[in-house]
Amino acid sequence: MTRDWDELERWDRAYYLHGLQAEAEHSFTGVDATDGNYIVLADGTRLLDFMSQLISDNLGHRHPAIHGALTQAMERYGHVTYTLANEYRARAAKLVIADILGNEGWAGRLRVLPSGTEAVESCIMMARLYTGRSVILSQAHSFHGMTVGSTMMRGYRNNISADEGFADVADVPGWPPHGYVPIPPPEHEDWPGNGPLPSLEATEHIVRAVGAENIAAVIAEPMLGGGGTFPHADYMPGLRALCDRHGFLWIADEVITGFGRLGEWFGYMHWPGVKPDLMAAGKGINGSALPVGAVIASAPIADYFEKARWWTGSTWDGHPLVCATIVGNLEYMLGHDIMQQVRQRGAYLKDRLDGLEEKHACIGRVAGRGLFYTVDLVNGNGEPIVPEDRYSDFTGDLSGHPNAIVAAENAKRGVFLGGFTPNTIKLGPPFTVTQEEIDTATDALDAALTVIDERFAH
């Protein structure tokens, strides 16, 4: 089939409501197809997808196990309302709660929703109903979704720069909404200090100022997806202990990290003994084959809601076709020991990145686990090239930001790889990535970092 991409671009520009880029700077990049670990552009260019698009397409694109399950389900199902049961909803819940989390001892029930944002919102709602309290603590540099309730930090919160020149930023009116209180971000894994972590000491003061009796939960990511921070080894145990000490819940946002991204089924598993009360998932539960989110509730919380009349529902709650993609994805992952593959490929990627760190003055830090690594870029003084770093509000000219330069250089070499915050490159290839593809991507990154060295670090 021949497609008129000029006409499609005109329609897209004229009728679609876009985010991120303003109309005057919008860059149209048509995707003709997705194929395995590659994105095929309208002009036929094949880009190695080394970010799984949004750290989301965990088994690559159109994986046969996932699409085979979807095709089979479509022979029997379209939409089934959440007030009725369907085969795939039951199978998906059993796979997650019994087969994957059965030995963890905390998980009670699964709910499938249309997005990670809805999963986060549902966790927040459940925490407030369960505790009878209103305040939610959320980390700086975090990102939890696209609605006002789901993400609270400047720059990652659907705010807008609308004036000519994009010099100012405006938040959604009403921020901070009642009941949301920001806490400091975690220290990086390589924090050089000794003793208690300053972030946790500051959070303790915030808890006392707000009053623990008012706090329903803290929401925190095992590795920050937007900010790209892998926390210090003491952070997650310390945060869990703080929750227990003051009697509020921990909502683990594992929309990005869940289902294998960090080399364990869930990111929290990197800290033995640390377990959440509520967990928001998405993306990796079905490799993003269809829009999806999920809530996993601890046994006590699940029991509380299951025995109640809980007047809640989404039209697409437990959608059989979405649940079929979950079943296809998880059965394949369980049957093919994908966790071990992620660890092996991740170790090779880490070795390549460590080699680049020795070579390039612009690399200040390599951090992560499994197949999610970040590279923080610095100037000749070892400082973030864009001083605001993860506190950036994304105003002004963004084309000179290091992440944008690296993305453009990588694209020239056939690799889809960049970042979100100005100084941070996010590497999150599909679990199906090969060693040769890791070499291709890191060779391209090597060349891109040479450009950053010459411009900023020498």
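Which residues of H9 are buried? In this predicted model, the buried residues of H9 are Pro320, Leu321, Val322, Cys323, Ala324, Thr325, Ile326, Val327, Gly328, Asn329, Leu330 and Met333. Because 12 of its 16 residues are buried, H9 is largely enclosed by the rest of the structure.

**Helix H9**

- Helix H9 covers residues 320–335, and the distance from its first C-alpha to its last is 22 Å, close to the 22 Å expected at 1.5 Å a residue.

**Aromatic pairs**

- A search of the whole structure finds 10 aromatic pairs, and among them is the pair of tyrosine 77 and tyrosine 88, which is edge-to-face because the ring centres are 6.0 Å apart and the planes stand at 75°.
- Tyrosine 77 lies in the loop between helix H3 (64–74) and helix H4 (87–100), whereas tyrosine 88 belongs to helix H4 itself, so the pair ties together parts that are 11 residues apart in sequence.
- Both partners are buried: tyrosine 77 has a relative accessible area of 18%, and tyrosine 88 has a relative accessible area of 3%.
- The rings of phenylalanine 266 and tyrosine 268 form a stacked pair, because their planes are at 20° and their centres are 6.3 Å apart.
- Phenylalanine 266 is buried, with a relative accessible area of 0%, and tyrosine 268 also counts as buried, at 1% relative accessibility.
- Phenylalanine 266 and tyrosine 268 belong to a cluster in which ring pairs link Trp106, Phe259, Phe266 and Tyr268.

**Charges over rings**

- The charged end of arginine 46 sits over the ring of tyrosine 38, at 4.6 Å from the centre of that ring.
- The charged end of arginine 111 sits over the ring of tryptophan 310, with 5.2 Å between that end and the ring centre; Arg111 and Trp310 are also among the residues that lie nearest the centre of the second largest pocket.

**Second largest pocket**

- The second largest pocket holds about 610 Å³ of space, and of the 18 residues that line it, Arg109, Leu110, Arg111, Glu306 and Trp310 lie nearest its centre.
- Two or more lining residues come from each of H4, strand E4 (107–113), strand E10 (293–298) and helix H8 (299–306), and E4 gives the most, with four residues.
- By class, the lining of this pocket is made up of 11 nonpolar, two polar and five charged residues.

**Positive phi angles**

- Leucine 20, a residue other than glycine, has a positive phi near 65°; leucine 20 is found in the loop between helix H1 (5–15) and strand E1 (31–35) and is exposed, with a relative accessible area of 88%.
- Glutamine 53 likewise has a positive phi, of about 60°, although it is not a glycine; glutamine 53 lies in helix H2 (residues 52–55) and is partly exposed, with a relative accessible area of 33%.

**Separations across the chain**

- Arginine 343 lies in helix H10 (residues 338–359) and is partly exposed, with a relative accessible area of 34%; from C-alpha to C-alpha, arginine 343 and tyrosine 88 are 29 Å apart in space, and they are 255 residues apart in sequence.
- Aspartate 171 is found in the loop between strand E5 (135–139) and strand E6 (180–183) and counts as partly exposed, at 21% relative accessibility; aspartate 171 and aspartate 32 are 139 residues apart in sequence and 35 Å apart in space, C-alpha to C-alpha.
- Tryptophan 271 has its place in the loop between strand E8 (249–253) and strand E9 (278–282) and is buried, with a relative accessible area of 7%; the C-alpha atoms of tryptophan 271 and alanine 73 are separated by 37 Å, and the two residues are 198 residues apart along the chain.

Note on methods: Residues are numbered from 1 along each chain as its sequence is written. This is a predicted model: local features need pLDDT of at least 70, side-chain atom pairs count only at pLDDT 80 or more; totals for chains, interfaces and linings use all residues. Side-chain values use heavy atoms; hydrogens and water are left out. Rings of Phe, Tyr and Trp (its six-membered ring) pair if their centres lie within 6.5 Å; planes under 30 degrees apart count as stacked, over 60 as edge-to-face and the rest as tilted. Buried means under 20% relative accessible area, exposed over 50%, partly exposed in between (1.4 Å probe, protein chains only). A charge sits over a ring if NZ of Lys or CZ of Arg is within 6 Å of the ring centre and within 35 degrees of the ring normal. On a 1 Å grid over the protein atoms alone, a cavity is a set of points where a 1.4 Å probe fits but cannot get out, and a pocket is an open set with protein on both sides within 12 Å along at least five of seven lines; lining residues have an atom within 4 Å of a point. Grid points are joined across faces, edges and corners, and a volume is the space filled by probe spheres set on the points. Ala, Val, Leu, Ile, Met, Phe, Trp, Tyr, Cys and Pro count as nonpolar, Asp, Glu, Lys and Arg as charged, and the others, Gly among them, as polar. The expected span of a helix is 1.5 Å times one less than its number of residues.
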